[in-house]
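Here is a friendly walk through this structure, taken one region at a time. Keep the view open beside the text as you read.

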There are 2 protein chains.
Amino acid sequence: MAARPGGTRHATLKDVAERAGVHAGTASRALNPATQGLVSEATVRAVREAAKALDYRPNSMARGLKTNKTFMVGVIVPDLSNPLFPPIVRGAEEVLSRAGYTTIIADTDNDREREGESIAALRARQVDGLLVASASRDDEAVRTAVEQGVPLVLVNRRTESANVPTVTSDDRSGIEKALEHLVRLGHTAIGHLPGPAHLSTGLERARAFRHHMSELGGTLAPELTVECSTYSVDAGAVAARTLLDQAEPTAILAGNDQIAVGVLDVLRERGLRCPEDVSVVGYNDMTFMDKLSPPLTTVRVPHAAMGAEAAQLLLRWLAEGPPGPNMLTLPVELVVRGSTASPA
Amino acid sequence: MAARPGGTRHATLKDVAERAGVHAGTASRALNPATQGLVSEATVRAVREAAKALDYRPNSMARGLKTNKTFMVGVIVPDLSNPLFPPIVRGAEEVLSRAGYTTIIADTDNDREREGESIAALRARQVDGLLVASASRDDEAVRTAVEQGVPLVLVNRRTESANVPTVTSDDRSGIEKALEHLVRLGHTAIGHLPGPAHLSTGLERARAFRHHMSELGGTLAPELTVECSTYSVDAGAVAARTLLDQAEPTAILAGNDQIAVGVLDVLRERGLRCPEDVSVVGYNDMTFMDKLSPPLTTVRVPHAAMGAEAAQLLLRWLAEGPPGPNMLTLPVELVVRGSTASPA
DNA sequence: ATGAAAGCGCTAACAC
DNA sequence: GTGTTAGCGCTTTCAT
């Protein structure tokens, strides 16, 4: 080994056993809560004491090699810098760490290929399971992993490539609430800037928009919808310009908050006031969306809870074997702020 | 093992060796770039082919157990939901993953005790080294780890508890640039809301404030400085109220962007306009600070670069042994936006 | 150039 | 109740 310079060599189970005057096997039993009953109380005490004295830490690799469990879980996110994902990660991590699992985060940088690589790398590390927040509707990497029996739970985005437990939020109800709000304010020409259709959130919110618009009696002209190429401020701005060039919406429903920010920029750029000339609704309620000018009306998604639920599902899978089809949909909430008002 | 239901058993090196018609030891040599020269070219080809056919992935635990290296690095952050930290993590992760290292992130939730637990948990996982972004000036856990020879690099925050390589940004120059800007605009009564003094960023920026204020000839009354208990919007608002109760600054330098957001809230709450009545400067330039109203003048800190440099330092340590005293300070940049103007 | 064998630290099946 | 033993998958020294 590359000797840890000045480093203390770590105590091994054998060291503990010797100090306690027992065999390594006995020490193992004494330290493990599950097998502790098989050992005399005096021995348990002696071993525990020796362990404490030597500051013994079980070597998780050795244990993992033997038990074929690592107590590590991989979490794959498309972009950790997107404020949407840290809460998901933290929600998951809290649940997992309480159950003794360590979380490894992989960031795919919104790149499909890197998602595959991340899954492969994590599997090579023998993670016990995977939480995937980056799935696309057509996701080869997820399909493969699922086929190979990897315990895997999707969060935030669904896929059509595999039948796998998934925790999302209620996109239909979110869109419905947003539209109801706008229609109640008197809007009929409502523009929609959905996220990319290759992501479930993009497609499902777009579908929900069409469905509820016709139900609520709003205008459903094709030129009122412009799909964004990505969930970003820039793509939102590009789409907003296209929309405003080809139609005259009094309100715009954005695919997410970043897109909404892009919309606000373009409105300013064109001398249109929000909400007086055009109302804007976002989606997700990221941090600081209440500090924009005007504060953004948006749909609040319970990201931390989604992460936590997904982690629960995964833990159950790990403990009890694969669950049946399992689609958890968490409720969302419309947060009305200053970016929406009745049309002039 | 808890059989992976329907799962494919993973190919082992022995499987590969058998398929290639060689011994496991030979297969190992053939697959390892460093020892590949010891093996005939034909054998290398055969083994590589077998490995590919079986989709062989070396078991990192088995390897680690033997080599006493895990190729895992722990990264400890105080709060992943704070937009400041994801870029640091990503910067580090990119460098580390290119070198074959996997990153494990631990979130201490701004809790000293949890920092200690995280370090312990990561060490129990046999990480090869640690990147710590959560250090406090007086940090027992870091001190202990360093004393025990754990390769450890600090990023973003320094400590006085140990002599350890550290990558930060230039707080003094950041404060100086901000103050110069304000003084040039004509401000003399400049309030300061530094972060908590138990963090190096809090203390050092406070010191720099005093130093440069006296140098620039501004007012340096004690009632113009109010320390924030945490780096948060709420703590910033609390401190801002205190400040405005006891003094009449025409400009406020906030300890970071969150604090600045709290200041903006309080100004609004009191009917004071920014920048007409009070100018505000933040610190860090987090995402969306350019979308506030008014857009926030702030000091941009190269977080991703800091993460990357810290990772480099750690890699060097891992490869070549402990470096000497090593304090890297990255330059910062003042970003002037709409929240600063000349006093009325 | 390759096979044989030992052993990393741990757990578990088997003795006694 | 505790010692013994084998072996998880890999690397590496020692033979040959």
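## The surface near DNA strand C

Helix 4 of chain A gives the most to the surface near DNA strand C, contributing five residues. Please keep in mind that this is a predicted model. In total, 24 residues surround DNA strand C, and the closest are A:L13, A:G25, A:A62, B:H23 and B:G25. Two or more residues come from each of helix 1, helix 2 and helix 4 of chain A, and from helix 2 and helix 4 of chain B.

What classes of residue make up the surface near DNA strand C? There are nine nonpolar, eleven polar and four charged residues.

## The surface near DNA strand D

At least two residues each are supplied by helix 2 (24-31) and helix 4 (60-67) of chain A, along with helix 1 (13-20), helix 2 (24-31) and helix 4 (60-67) of chain B.

By class, the surface near DNA strand D holds nine nonpolar, eleven polar and five charged residues.

## Where the two chains meet

How many residues of chain A are in contact with chain B? The count is 41 residues of chain A, which are in contact with 41 residues of chain B. On the side of chain A that touches chain B, two or more residues come from each of helix 4, helix 5 (85-98), strand 2 (102-107) and helix 6 (112-124) of chain A. The residues on that side of chain A divide into 18 nonpolar, 15 polar and eight charged.

## Helix 2 of chain A

Helix 2 of chain A is worth a look for its buried residues, which include A:T26, A:A27, A:A30 and A:L31. Viewed down the helix axis, the buried residues of helix 2 of chain A fall within an arc of 130°, so they line one face of the helix. Helix 1 (13-20) and helix 3 (41-53) of chain A are included in what covers these buried residues.

## A buried loop residue

A:T287 sits in the loop between strand 8 (279-284) and strand 9 (297-300) of chain A. Is A:T287 buried or exposed? A:T287 counts as buried because it has 20 C-beta neighbours inside 10 Å, and 20 or more is the cut-off for that label. The C-alpha atoms of A:T287 and A:L84 are separated by 8.6 Å, although the two residues are 203 residues apart along the chain.

## Backbone details

Two cis peptide bonds in chain B deserve a visit. One joins B:C274 and B:P275, with omega about 10°; B:P275 lies in the loop between helix 11 (257-269) and strand 8 (279-284) of chain B. Another cis bond runs from B:S293 to B:P294, with omega near -5°, and B:P294 belongs to the loop between strand 8 and strand 9 (297-300) of chain B.

Positive phi values come next. A:N68, a residue other than glycine, has a phi near 60° and is placed in the loop between helix 4 and strand 1 (72-77) of chain A. A:N68 is partly exposed, as 16 other C-beta atoms lie within 10 Å. For B:N68, phi is also near 60°, again a positive value in a residue other than glycine. B:N68 is found in the loop between helix 4 and strand 1 (72-77) of chain B, and with 16 other C-beta atoms within 10 Å, B:N68 is partly exposed.

How values were computed:
Residues numbered from 1 in each chain as written. Chains lettered and ligands numbered in written order. Predicted model: local features only at pLDDT ≥ 70, side-chain atom pairs only at ≥ 80, totals over all residues. Helix = DSSP H or I, 4+ residues; strand = E, 2+ residues; numbered from the N terminus. Nonpolar A, V, L, I, M, F, W, Y, C, P; charged D, E, K, R; others polar. Contact = placed C-beta atoms within 7 Å. Buried ≥ 20, exposed ≤ 12 C-beta atoms within 10 Å, placed from the backbone. Arc of directions from axis to C-beta. Near = placed C-beta within 6 Å.
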